[in-house]
Amino acid sequence: MEAPGPDAGSCNQERLYIWETLHSTIRKMSKHVQKIQKELEDSKQRLAKQHKRRDNDDDSGREDGPLEEQIERLQEKVESAQSEQKNLFLVIFQRFIMILTEHLVRCETGGIDVITPWYKNCIERLQQIFLLHHQIIQQYMVTLENLLFTGELDHHILTVFQQFCALQA
């Protein structure tokens, strides 16, 4: 079966494994971030218990150094993982924007209707990413708005982001 255009392979229904891989990658990154955040919270709780025990025992000679160093390392790991997660979403959305923009320009210059089955499918996939991963994406809204979903973006694509923002409000 022939694809309905040169860019159709990017959002084609026949390539469902691509979408499963994409969502699986996002989920794995999210679990990685959550795991490190949990380790950090557990370490902070252990430190708080040590402080409480020390205050109750009036044992001021004990040091928290190793645990505090562990907390600092975990904090750095959390920040690094969150940065990687943000970059993952930036790359995903940037790719969607590039592919959709190419389609829109091709349609405009060729006098072709923009709303093709491929276009609808691709826009729905973009919406799906926003909806399925909204809790994570919400953390990066300002970055996404400042770097990718700017006023210069074609309204067809920007509308998807604006709809997502409206749901979050």
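This briefing looks at helix α6 and at a group of aromatic rings. Keep in mind that the model is predicted. Helix α6 covers residues 155-168, and the structure holds eight aromatic pairs.

**Helix α6: its length**
- With 14 residues, α6 reaches 19 Å from its first C-alpha to its last.
- That's close to the 20 Å you'd expect at 1.5 Å a residue.

- Five names to look for are Ile 157, Leu 158, Val 160, Phe 161 and Phe 164, the buried residues of α6.
- They sit on the same side of α6 because they cover an arc of only 150 degrees around the axis.
- Here's the general idea: an α-helix has 3.6 residues a turn, so residues three or four places apart point the same way.
- What do the buried residues of α6 pack against? Their partners are α2 (65-110), α3 (117-132), α4 (134-137) and α5 (141-147).

**The aromatic rings**
- The structure has eight aromatic pairs, and one of them joins Phe 93 and Phe 149.
- This pair is edge-to-face, with 5.7 Å centre to centre and 70 degrees between the planes.
- It links distant parts of the chain: Phe 93 belongs to helix α2, while Phe 149 lies in the loop between α5 and α6, 56 residues apart.
- Both Phe 93 and Phe 149 are buried.
- Phe 93 and Phe 149 also belong to one aromatic cluster, together with Phe 89, Phe 130, Phe 161 and Phe 164.

Conventions. Residues are numbered from 1 along each chain as its sequence is written. This is a predicted model: local features need pLDDT of at least 70, side-chain atom pairs count only at pLDDT 80 or more; totals for chains, interfaces and linings use all residues. Side-chain values use heavy atoms; hydrogens and water are left out. Helices (H or I, at least four residues) and strands (E, at least two) are DSSP runs, numbered from the N terminus. The expected span of a helix is 1.5 Å times one less than its number of residues. Buried means under 20% relative accessible area, exposed over 50%, partly exposed in between (1.4 Å probe, protein chains only). The arc is that of the directions from the helix axis to the C-beta atoms. Contact means heavy atoms within 4.5 Å. Rings of Phe, Tyr and Trp (its six-membered ring) pair if their centres lie within 6.5 Å; planes under 30 degrees apart count as stacked, over 60 as edge-to-face and the rest as tilted.
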